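Here are my notes on the model you sent over. Keep the viewer open while you read, and take the points one by one.

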Amino acid sequence: MRRASLRPVVDEVLGTPDVQAMTAATAAQLGMSTEQAEAKLRACLPPLIPTQEKLAARLTRRTMYPAMGLCWDLRMDRSAAAEICRLGERHPLVFLPLHRSYADPMILTRVFQTAGLPPTIRFAGDNLSFWPLGSLGRRTGTVFIRRSFVGDRLYALAVRSYLRYAVRQGLNLEWYPEGGRSRTGRLRPVRNGLIRDLIDALDSCPSGDAYVVPVTVSYEILPDAEQLVAEDAGVTKHPEGIRWLVDHWLTCWRLRGGRAWVSFGSPFSIRECTGQTQAGASTWRAARTVATELAGRLRAANPITPGGLLLLLLTGGHREPRDVWQIMRELKPLMAFVGDRAIPTVDLQALASQAEVQHVLERLVRAGTVETTGDAAFPRRYRIGSAQARLAAFYREQAAHWFVPRAIAELVLATTSYGAAVEAEAEAEERASRLHSVLGGLFPLPELPAFLESLHRELAAMGWPGERVGADAAPDPVRLLTAQPLLLAHRVLGGALEAALAAATVLADDPTRTERPELPAGNGALTGRWPESRSQERWRAAVTAATKATNSGQDTERRAERRQAHAAELATLVRALDFLADLDTHAAADQTRPTADGEMPTVNETTDDQSPATFSTDETGAAAPAVPLRFADSRTLARGIVRTDDGSEKP
């Protein structure tokens, strides 16, 4: 169908009884006649109705596909794509991808075509409707809609009416449920509006159901990343247009050669997810159920990439420079952690030898996430400098959710008392429950029972007793942390917790404040060592979490106490992360080189040109560094004091 012949479609969209009833109800609410409302709908609909024209599709393939091939080495899970194709033969499909780049739609169009899937009807923001993207997009199945429908009920009804038409036709749909690209790399909250409209529309669908397909696109080098990170730090976003399009493609060309991986999550039936057909006010509840399920499956489908794993490693300790041998030494326990938990990965074989690791590191240098140090007299060393910290965090955060349970387990141990007359396991569980409450607004945590179950697994893997024991028989939490080959908490939780502390401190300083405080001006970290904490998205999440935790009731005096207590609790956690970073730096101080053939030795192996690391053992036989380690428990951390192994306290 060509765009000149849209009138029959408009008639069909508006001619169904349910749309006519909604038109009459909306007209009554707006105080106009049904005829006036229908006339306005007829004016709104033509720009919303896409077509599928062969000439436009051919032009897209001949211009954008070659350019995309130069920018990315595109890879996808072909077996999963084949299963999606078979599912699409029986049910309408709704593809809901993570949104990381303006290149996402183009990449997915090619993937769907390669997999043999029919073209989708794609809903996109009208900020991209400028020429030539708008003209080409409308002729290849794209519906450009406003970011917000607030204040225009007839426009919202027009979008809803076309969605019902597309569902009745059994067309496959696609949109980006976050409502925009993530500025931090993390999954944004899923918006419920179009999901609610879809659930309503399924009542008029012949099958009464559709399957949601979560999709992720993981980029080794993302051209949008630098601008996204700058916008998150407060830089004004420039409007999209011809000049923006030219700059975007020049950036793609400059950063060409990276890889992009497309992964499909496990599809699910909307009706099975919601449990029953729901209508009216309860449709919002059904939409939230679908959104929660979608968010979980998007995270489960989001794989770890070689570059993301290296960035997570380089974030450790004080981000000191490492050569390739040190990096490979530290990679071994991290890769073992990923393998033991069956976390999805892509191309991790690229980290199997020294040459391949160095090749990935050099691509990270080109992407601007890592810098190098050293000269001709010393081996090339890599680190994440202060100038690269925010950009590196963007890539690292894309899959950091896989490490959150282990990071919280480390935080539990770092803040659990040693030698107190309490049952150690009981205290650890109580502290874990409190952390679930404090961190729930900052990280994607499951419900408390599932959270405690995953936390117990991680604590058991670290050597913490699986049953309650007396304090005299409980292991020293710090010795358990010291015995770990790698610590993750400061790598995974640092930026968000530092932002939460800064937000809680601002609110505690002014207990009467009711409006949302603005992100403090400046550069660098908000309060300490994590520069990525200066983030608009993290700040909004932190303020929302702090407000929710402290604003119950109208008593200003009690609110002040709650805000001060919340800020003090976060300060304790941030000090614990500082302590874990110090501990991680100490553990990484002695590195072992791989063998001459480039393979990594086992943990206890040493090469001929190095002596073994010096360790002492305690009475249980657990290895411990021969030098005293500074550590802290929940009481000393709150006072800003740490203890050494001989029992003395130091500021």
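1. Let's start with the largest nonpolar core, which has 123 residues. A nonpolar core here is a set of buried Ala, Val, Leu, Ile, Met, Phe, Trp, Tyr and Cys residues joined through side-chain atoms within 4.5 Å. Buried means under 20% relative accessible area, exposed over 50%, and partly exposed in between (1.4 Å probe, protein chains only). The members that touch the most others are Ile107, Phe264, Phe403, Ile408, Leu493 and Leu497. Helix α22 (residues 489-509) gives the largest share of this core, 11 residues. Helices (H or I, at least four residues) and strands (E, at least two) are DSSP runs, numbered from the N terminus.

2. Before you go on: this is a predicted model, so local features need pLDDT of at least 70, side-chain atom pairs count only at pLDDT 80 or more, and totals for chains, interfaces and linings use all residues. Residues are numbered from 1 along each chain as its sequence is written, and side-chain values use heavy atoms, with hydrogens and water left out.

3. Leaving aside residues up to four places away in sequence, Ile408 touches Leu435, Leu439, Leu445, Phe451, Leu455 and Leu493 (contact means heavy atoms within 4.5 Å). There is also a second, separate core of 51 residues, with Val9, Leu98, Ile199 and Leu294 among them.

4. Is strand β7 buried or exposed? Seven of the seven residues of β7 (residues 258-264) are buried, so the strand is largely enclosed by the rest of the structure. Gly258, Ala260, Val262 and Phe264 are buried on one side, and Arg259, Trp261 and Ser263 are buried on the other.

5. Now look at what β7 pairs with (two strands pair if DSSP finds at least two bridges between them). Strand β1 (residues 72-76) runs parallel to β7, joined by five bridges, and Asp73 has Arg259 as its bridge partner. β6 pairs with β7 over five bridges too, but in the antiparallel sense; there, Thr216 is partnered with Ser263.

6. β6 (211-219) turns up again at the largest cavity, where β6 and α14 (306-314) are the elements that give two or more residues to the lining. α14 gives the largest share, three residues. Among the 15 lining residues, Tyr219, Thr305, Gly308, Tyr395 and Gln398 are the closest to the cavity's centre.

Technical notes. On a 1 Å grid over the protein atoms alone, a cavity is a set of points where a 1.4 Å probe fits but cannot get out, and a pocket is an open set with protein on both sides within 12 Å along at least five of seven lines; lining residues have an atom within 4 Å of a point.
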